[in-house]
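Let's take a friendly walk through a protein and the molecule it holds. Have a look at the picture first, and then we will go through it step by step.

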Amino acid sequence: MFQEPDGATPLDPDEMLGLKFKYVTTRGELDELEQANIEDGLSWVSRRRGGSVFDDGFIRTLHKKLFGDVWAWAGEYRLTEKNIGIDPFHIPVQLRLLLDNASYWLENQTFPPLEAAARFHHRLVQIHLFPNGNGRHARIATDIMLEEMYDHPPIAWASGFNLQADNERRQNYIAALRAADAGDFRALLAFVDTPGY
Ligand SMILES: Nc1ncnc2c1ncn2[C@@H]1O[C@H](COP(=O)(O)OP(=O)(O)OP(=O)(O)O)[C@@H](O)[C@H]1O
Ligand SMILES: [Mg+2]
């Protein structure tokens with residue numbers, strides 16, 4: 001229905017029915033509604049008490065807070081196959097495994113903060129938990145991990161660009177994720193290391 005940039009996942013008709021605003025006709029209108037929701041969600045993130053980023057309940061609640069005003073299925077795991085992402089049947093177990101690994105990396109200082117962030121972010125979007133909003137949700141979840149678990153500043157994901165639109169920064173981001181799919185994290189490490197804050 002909407003024109004998606006490279007590296008995004010289109011919604012199927014059932015998922016489109018979950019749109020809570022029936023008058024939306026353009027991608028721009030949808031982006032604005034989602035952006036307003038995300039801003040409320042971010043203020044919830046900073047006000048909340050408790051809720052660890054390594055808890056799968058928190059991961060789902062976070063998606064609901066970021067997208068729940070716009071999408072009825074926010075916070076609920078994907079049930080359909082997408083061009084990106086694992087078989088939906090394996091989502092709960094693969095997420096649990098990632099969160100346990102990430103918690104182990106922290107405890108054992110396996111990776112410097114930005115490398116842990118790159119690996120955590122990549123696997124989260126590769127699993128592709130939800131029908132939509134995975135990129136934005138996983139960028140925010142990664143920043144929460146950095147700030148709350150590593151006491152490290154957040155990543156300059158957009159770095160002056162609009163990461164949702166096709167431009168050089170997004171092309172680098174998607175290319176870096178594809179290299180990470182093949183096990184090569186160098187480009188993603190360089191990407192998250194861009195100073196900007
Ligand atoms: N080859 C890939 N491997 C892993 N993750 C990918 C790959 N291609 C894209 N992604 C991730 O999937 C996201 C797109 O998924 P989705 O549309 O659910 O997220 P979004 O937040 O709605 O979109 P976006 O961040 O693209 O605006 C991208 O932002 C990126 O994080
Ligand atoms: Mg999308």
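How far is an oxygen atom of ligand 1 from a polar backbone atom of Gly133? The distance is 3.0 Å. That is a polar contact, meaning a pair of N or O atoms within 3.5 Å; within protein, one must be able to donate a hydrogen and the other to accept it, and residues adjacent in sequence count only if both atoms are side-chain atoms.

Before going on, please note that this is a predicted model, where local features need pLDDT of at least 70, side-chain atom pairs count only at pLDDT 80 or more, and totals for chains, interfaces and linings use all residues. Residues are numbered from 1 along each chain as its sequence is written, chains are lettered from A and ligands numbered from 1 in the order in which they are written, and side-chain values use heavy atoms, leaving out hydrogens and water.

**Around the ligand**

| Residue | Atom on the protein side | Distance |
|---|---|---|
| Asn132 | side-chain N or O | 2.7 Å |
| Gly133 | polar backbone atom | 3.0 Å |
| Gly135 | polar backbone atom | 2.9 Å |

On its own, ligand 1 has 600 Å² of accessible area, and the protein covers 97% of that (Shrake-Rupley method, 1.4 Å probe; for residues, only the protein chains shown count as cover). Helices H6 (134-149) and H7 (168-181) are the elements that give two or more residues to the shell. H7 provides the largest share, 6 residues. Helices (H or I, at least four residues) are DSSP runs, numbered from the N terminus.

**How the helices pack**

H7 also meets H5: their axes come within 10 Å and cross at roughly 85°. Axes are lines fitted to C-alpha atoms, for helices over the stretch in contact, and angles run from 0 to 180 degrees between N-to-C directions. H5 is therefore roughly perpendicular to H7 (65 to 115 degrees). His121, His122, Val125 and Gln126 of H5 touch Tyr173, Leu177, Ala180 and Asp181 of H7, where contact means heavy atoms within 4.5 Å.

H5 (residues 113-127) has another partner, H4 (residues 91-108), at an angle of about 175° with axes 10 Å apart. H4 and H5 are therefore roughly antiparallel (over 145 degrees).

Note on methods
Angles under 35 degrees count as roughly parallel, over 145 as roughly antiparallel, 65 to 115 as roughly perpendicular and the rest as oblique.
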